[in-house]
Amino acid sequence: MATLHIAKVLPKLPEDWSSETGFIFHESLSAPVHRSIEPVGPHFLAHARRKRHSRTFSEDDRIQAQQNVKKVEEDDSGEISEPEDPMMLSRDPKDWKNQDHYAVLGLSKYRWRATDEQIKKAHRKKVLKHHPDKKASAGKSDDDSFFKCIQKAMEILTDPVKRRQFDSVDEAADREPPSKKAKGDFFRLWSPVFEAEARFSKIQPVPKLGDNKSTKEGVEEFYNFWYNFDSWRTFEYLDEDVPDDNENRDQKRYVERKNKAQRAKKKTEDTARLRKLVDDCLALDQRIAKFRQTEKAQKNAKRLAREAEEKKVAEEAAKKAKEEKRKKEEEEVAAKAKIADAKKAKDAAKNAVKKNRRVLKGSVKDANYFADGAPVADQIDKVLGDVEVLQGSIDPEELNALARKLEAAGKDAAAVKTALSEQIAASISNGKCKAEQFKVLTPA
């Protein structure tokens with residue numbers, strides 16, 4: 001049980017205040033109250049901790065602050081914690097170009113993916129552990145070789161240009177492509193390889209390898225991207241050190257030219273390496289064969305459809321030509337039949353005309369050429385002449401009708417002459433002939 005005393009301080013009176021003039025009595029003060037306060041929650045834990053360890057308030061606050069700082073450091077470094085290689089601890093700081101700066105700071109699993117914040121936390125942790133002063137205070141060796149490696153790693157990884165140069169030659173971040181005989185899922189084997197290479201691309205994001213469900217357009221985009229890969233990778237980190245300005249200028253220029261040539265050579269070799277890697281992946285990609293088979297099937301389907309269409313068109317053309325030929329033949333047959341019928345009709349009409357003319361001539365002959373006795377030649381010629389004129393003035397229909405009348409008249413000369421006279425009168429009235437053309441037969 002804790003006892004808490006609260007002292008209430010009255011405000012300061014003005015300098016010109018006096019008890020005679022300034023004092024105003026309102027009411028008397030109440031009697032003081034004594035209360036006991038019991039701590040709860042975190043306050044109770046703090047009270048119990050102080051009682052247990054016999055600490056004062058200030059001592060407990062100081063120790064708690066130290067423990068909180070240590071806890072924060074441990075929490076910050078938890079994600080970047082990894083065991084230290086004894087060989088790495090004995091590295092010569094002068095050989096900094098051959099050391100793994102990410103491993104020095106404990107960032108091997110992050111490497112080029114490590115953020116600036118992770119690098120700072122990792123550096124702080126390493127400094128706290130390997131600072132020469134801390135080692136000396138702990139009675140350990142004061143060798144600062146690894147501490148210099150830490151500082152060099154921090155210098156390179158916090159400089160964007162130097163870090164990019166180191167990342168360009170960081171072989172520990174590379175992924176070796178699987179061999180052609182490697183067994184396993186094609187996409188699991190090759191995807192990490194291209195993900196590692198993608199860190200050098202100037203164009204981001206980089207197309208993914210995909211899977212068996214990828215479309216042909218997506219696969220073509222992936223390989224086109226890598227066959228035209230635009231890399232920022234450089235090789236300055238491997239340059240031979242250029243002499244200081246105090247050195248011979250010719251030597252300095254020679255080294256610079258040599259470094260430039262070496263960088264160009266390594267760039268060419270890296271481009272060839274990447275091209276071969278893409279070629280090997282393409283050769284093993286079963287999707288390409290599947291797309292080719294699909295494309296071939298589509299071409300065959302189009303070809304078969306085209307051939308079927310051409311065959312259909314040819315058949316329709318042949319059918320149409322056959323139909324036209326049949327119609328033409330039928331028309332020719334019909335035309336020939338029509339001509340034959342017309343010829344027959346014409347011949348029949350011609351024969352009918354001849355027959356009817358014979359009927360006319362026969363009827364006047366049977367009528368004795370309208371003579372009372374034996375007809376003389378002159379009488380016969382005149383009657384036949386009138387018959388010829390009449391025949392020339394009437395059409396076949398009229399001739400046929402007249403022949404029928406004459407056949408009905410028989411050998412009755414009067415009836416024959418009457419029929420002829422009536423026809424002559426009709427022809428004269430129609431203007432087909434004139435009355436003076438007739439010698440014996442006259443209009444009725």
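These legends walk you through close-up views of charged side chains in a predicted model. Residues are numbered from 1 along each chain as its sequence is written, and side-chain values use heavy atoms, leaving out hydrogens and water. Local features need pLDDT of at least 70 and side-chain atom pairs count only at pLDDT 80 or more, while totals for chains, interfaces and linings use all residues.

**View 1. K126 and E84 form a salt bridge.** A salt bridge here is a side-chain nitrogen of Lys or Arg within 4 Å of a carboxyl oxygen of Asp or Glu. In this pair the closest N and O atoms are 2.5 Å apart. K126 lies in helix α5 (residues 116-130) and E84 in the loop between α2 (57-77) and α3 (86-89), so the pair ties together parts that are 42 residues apart in sequence. Helices are DSSP runs (H or I, at least four residues), numbered from the N terminus. Both K126 and E84 are buried. Buried means under 20% relative accessible area, exposed over 50%, and partly exposed in between (1.4 Å probe, protein chains only).

**View 2. D270 meets R233 in a salt bridge.** Their closest N and O atoms are 2.8 Å apart. D270 sits in helix α11 (residues 249-284), and R233 in the loop between α10 (216-227) and α11. D270 is buried at 11% relative accessible area, and R233 is buried at 7%.

**View 3. K382 and D378 pair within helix α13 (residues 377-393).** The N to O distance of this salt bridge is 3.2 Å. The two residues are four apart, so about one helical turn separates them. K382 is partly exposed at 36%, and D378 is partly exposed at 46%.
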